[in-house]
Amino acid sequence: MARTMSVMARETSENPGRLKQIRQAYTMTKKVDTKIGLIIAGVGLLTFGVFLAIGFAIDHPVYLGILGFIVAFLAMAIVFGRRAERAAFGQMEGQPGAVAAVLNNIKRGWSSSSTPVAVTRNQDAIYRAVGRAGIALIGEGNPNRVRPLLASEKKKMARVVGDVPVHDIVVGNGEGEIPLKKLQIHLMRLPRAITPAQVTETNDRLRALGDLLSKAPIPKGPMPKGARMPKGGQVR
């Protein structure tokens, strides 16, 4: 009994925090997506209405009504989550570290680090992710500075990982670029090219390379334009 009371007390104390987070997410999303409330309500009502109509058609309105309510709630939660995510990425677009936020949000399929593998003094950065599609090098910043940096990093990767595909991606809204809000979808849609064992082996190789570079001496003073930093390094 004491354990049950403890669990109930803990859940009660956690719920206000969760509700507050949901309210904050909704408020933030509505500033960018002004129709979010109508869209969520429409999804819920449409889903519930379809199930209820089916229930009347097969003479089980109560059963289908309850099921429809549950499915409608889930559909509303999914739609809200996706639109809130897009709104958050939209607000981060163009800011240093935005790509890292997207990569950290990918729950499965890719492993990455929030630390860029190459940076410039202008805060252009190259991030790396490894998954079944191979290696993704994602550049953020000025495309004119990012593309040469990507090409250099891609050439280095080819020497280290052999036949593992290396995809170079420039985040932006120009021609040939991937908008930040579509980056996650783009990565998830890349065709699988290597096995899980190869993913692990590739990660180990790149991790060893990063450890080796991190021990290399870093010259002091301003960085030359387009210079690369070892993983974990800082611009001085």
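# Reading a predicted protein fold: a tutorial

The protein exposes about 14900 Å², with carbon and sulfur atoms supplying 59% of it (Shrake-Rupley method, 1.4 Å probe; for residues, only the protein chains shown count as cover).

Student: Before we start, what kind of model is this?

Tutor: This is a predicted model, where local features need pLDDT of at least 70 and side-chain atom pairs count only at pLDDT 80 or more, while totals for chains, interfaces and linings use all residues. Residues are numbered from 1 along each chain as its sequence is written, and side-chain values use heavy atoms, with hydrogens and water left out.

Student: How many helices and strands does the protein have?

Tutor: Helices (H or I, at least four residues) and strands (E, at least two) are DSSP runs, numbered from the N terminus. Here there are seven helices and five strands. Along the sequence they follow the pattern α-α-α-α-β-β-β-β-α-β-α-α.

Student: What share of the residues counts as buried?

Tutor: Buried means under 20% relative accessible area, exposed over 50%, and partly exposed in between (1.4 Å probe, protein chains only). Of the 236 residues, 32% count as buried.

Student: Which residues of H2 are buried?

Tutor: Ile36, Ile40, Gly44, Thr47 and Gly55 are the buried ones. To see how they are arranged, take the arc of the directions from the helix axis to the C-beta atoms. These residues cover an arc of only 80° around the axis, so they sit on the same side of H2. On the face turned away from that buried side, H2 carries the exposed residues Leu38, Leu45, Leu46, Phe56 and Ala57. Just after H2, aspartate 59 takes a positive phi of about 65°.

Student: And glycine 68, is that residue buried or exposed?

Tutor: Glycine 68 counts as buried because its relative accessibility is 0%. Its place is in helix H3 (residues 61–92). For contacts, look for heavy atoms within 4.5 Å. Leaving aside neighbours within four places in sequence, glycine 68 is in contact with Thr47, Phe48 and Phe51. The C-alpha atoms of glycine 68 and phenylalanine 51 are separated by 4.9 Å, although these residues are 17 apart along the chain.

Student: What about contacts across the whole protein: what share joins residues at least 24 apart?

Tutor: Among contacts between residues at least 6 apart in sequence, 58% join residues at least 24 apart.

Student: On to the strands. Which strands pair with S3?

Tutor: Two strands pair if DSSP finds at least two bridges between them. Strand S1 (residues 110–112) pairs with S3 in the antiparallel sense over three bridges, and serine 111 stands opposite valine 130 in S3. Strand S2 (residues 118–119) is also antiparallel to S3, over two bridges, with alanine 118 opposite isoleucine 126. S3 and S4 run antiparallel too, joined by seven bridges; isoleucine 126 stands opposite glycine 139 in S4.

Student: How many residues lie in the hairpin turns?

Tutor: The S2 and S3 hairpin has five residues between its strands, and glutamine 123 in that turn has a positive phi of about 70°. The S3 and S4 hairpin has two residues between its strands.

Student: How should I read the two faces of a strand?

Tutor: In a regular strand the side chains alternate between the two faces of the sheet. In S3, Ala125, Tyr127, Ala129 and Gly131 lie on one side and Ile126, Arg128 and Val130 on the other, and all are buried. With seven of its seven residues buried, S3 is therefore largely enclosed by the rest of the structure.

Student: Finally, how many residues does the largest nonpolar core have?

Tutor: A nonpolar core is a set of buried Ala, Val, Leu, Ile, Met, Phe, Trp, Tyr and Cys residues joined through side-chain atoms within 4.5 Å. The largest has 21 residues, and those with the most contacts inside it include Trp110, Ile138 and Leu187. Helix H4 (98–105), strand S3 (125–131), strand S4 (134–140) and helix H6 (183–189) each give two or more residues to this core. H4 gives the most, with five residues.
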